[in-house]
Amino acid sequence: PLPHAWPWFPVHQENLEEMKNAVNVCLRCNRCHYSGWPQNEEICPIYAYDQTFTYSAGGLMYLARALLGNLTDYTKELSELVYTCSACRGCDDLCVILRSVNPDMPLSDIIRLMKYEMVKRDLIPDKVKGTYQVIKEKGDIPTGDNGQVLSMPEKIESDSADTVLYAECIHTGAQRDIYRITLNVLEKIGKPIGLFMDGGCCGSTLFDYGFWGELPGLVDTKMEKMKDYQNKTFLFINPHCQEFISNRYEKIASKYESIQGQHISEILAMALKDGKLKIKENGKVRVTYHDPCMLGRGL
């Protein structure tokens, strides 16, 4: 059993009961998945997939209400639905009704709590189990497709640099490619940088998937290794890592050391402004901005 009070999460019990008053005030107003008038854009990705109320944060609140009222049971089918939520936080920005009851509890955290309930009952979708196994099995220092540990360009590698690249959660080839490409760009900028990479997950994915029992030990281990970089700034490529470390570590770690973080987009914007990166074609560049979830909303 977990402690009665979790100081790092605004739920003081191990079940949904604490959220009963909040989920009961949902009005089915649909504001959790539509933007304001006149655009009325679909914000919730699961609602965009299947435009029914059930496939939305509000629908999940009604299912939570049904669970609390013993009107339905925890099942594998319900778990599959709960895990469709990507925790993008779109509903958190839109819903003001539930916040009126519990200002510190966004909808996405209530849905995370539902996932935790599924983990306790071993009602985890197979795909989630697969991702969890990848995280657990590749907890050592990740290696590239050629079997080599992610390497730093000699031109910019510096143990004394004020900025340290936080290279975690790179379990897939696609993620490693993103880090390699970023290092190539940093090399063009000429920015000295160190490297923090001990392997494994920072905890953000485990938090999103409801594996909360593993977080205190994991975070304490990471925090112990990160304290050696206390006077440096961590450079994050993955905004999920940055958001979780910036907003949750202080509440989870038994001994917290202040962490300074910066996202790669800030470095690139400054490099363009200072002329360290230059646009080749007509001084213009087309940019695709992705991940408003943790970068734009969470941070």
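Select Asp109, Arg112, Asp208 and Arg248 to begin: these residues are linked in a network of salt bridges, a salt bridge being a side-chain nitrogen of Lys or Arg within 4 Å of a carboxyl oxygen of Asp or Glu. The model is predicted, with local features needing pLDDT of at least 70, side-chain atom pairs counting only at pLDDT 80 or more, and totals for chains, interfaces and linings using all residues. Residues are numbered from 1 along each chain as its sequence is written, and side-chain values use heavy atoms, leaving out hydrogens and water.

**The network**

Within this group, display the side chains of arginine 112 and aspartate 208, which meet in a salt bridge at 2.7 Å, N to O. Arginine 112 lies in helix H7 (residues 107-120) and aspartate 208 in helix H10, so the pair ties together parts that are 96 residues apart in sequence. Helices (H or I, at least four residues) and strands (E, at least two) are DSSP runs, numbered from the N terminus. Arginine 112 is buried at 3% relative accessibility, and aspartate 208 is buried at 12%. Here buried means under 20% relative accessible area, exposed over 50%, and partly exposed in between (1.4 Å probe, protein chains only).

**Two stops on helix H11**

Then select lysine 225. Its salt-bridge partner is aspartate 198, with the closest N and O atoms 2.8 Å apart. Lysine 225 lies in helix H11 and aspartate 198 in the loop between S2 and H10, so the pair ties together parts that are 27 residues apart in sequence. Lysine 225 is partly exposed, at 37% relative accessible area, whereas aspartate 198 is buried, at 18%. The loop that holds aspartate 198 runs between strand S2 (194-196) and helix H10 (204-209). The count for the model comes to 15 salt bridges.

**A nonpolar patch**

Switch to a surface display and select Leu272, Ile279, Val285 and Val287, which make a nonpolar surface patch of about 350 Å². Patches are made of residues with over 30% relative accessible area and no salt bridge, like charges being joined within 9 Å and nonpolar side chains (Val, Leu, Ile, Met, Phe, Trp, Tyr) within 5 Å. Valine 285 sits in the loop between helix H14 (264-274) and helix H15 (292-298). At 54% relative accessibility, this valine counts as exposed.

**The whole chain**

Zoom out to the protein chain, which has 15 helices and four strands. Buried residues make up 45% of its 299 residues. The accessible surface comes to about 15800 Å², of which 49% belongs to carbon and sulfur atoms; such areas come from the Shrake-Rupley method with a 1.4 Å probe, and for residues only the protein chains shown count as cover. Among contacts (heavy atoms within 4.5 Å) between residues at least 6 apart in sequence, 77% join residues at least 24 apart.

**Confidence**

Finally, colour by pLDDT, the predictor's confidence in each residue, from 0 to 100. The chain has a mean pLDDT of 85, and 90% of its residues reach 70 or more. Over residues 1-8 the pLDDT is below 50, and this stretch has 17 contacts in the model beyond near neighbours in sequence. Over residues 140-147 the pLDDT is also below 50, with 20 contacts beyond near neighbours in sequence. Where pLDDT is low, the predicted coordinates should not be read in detail.
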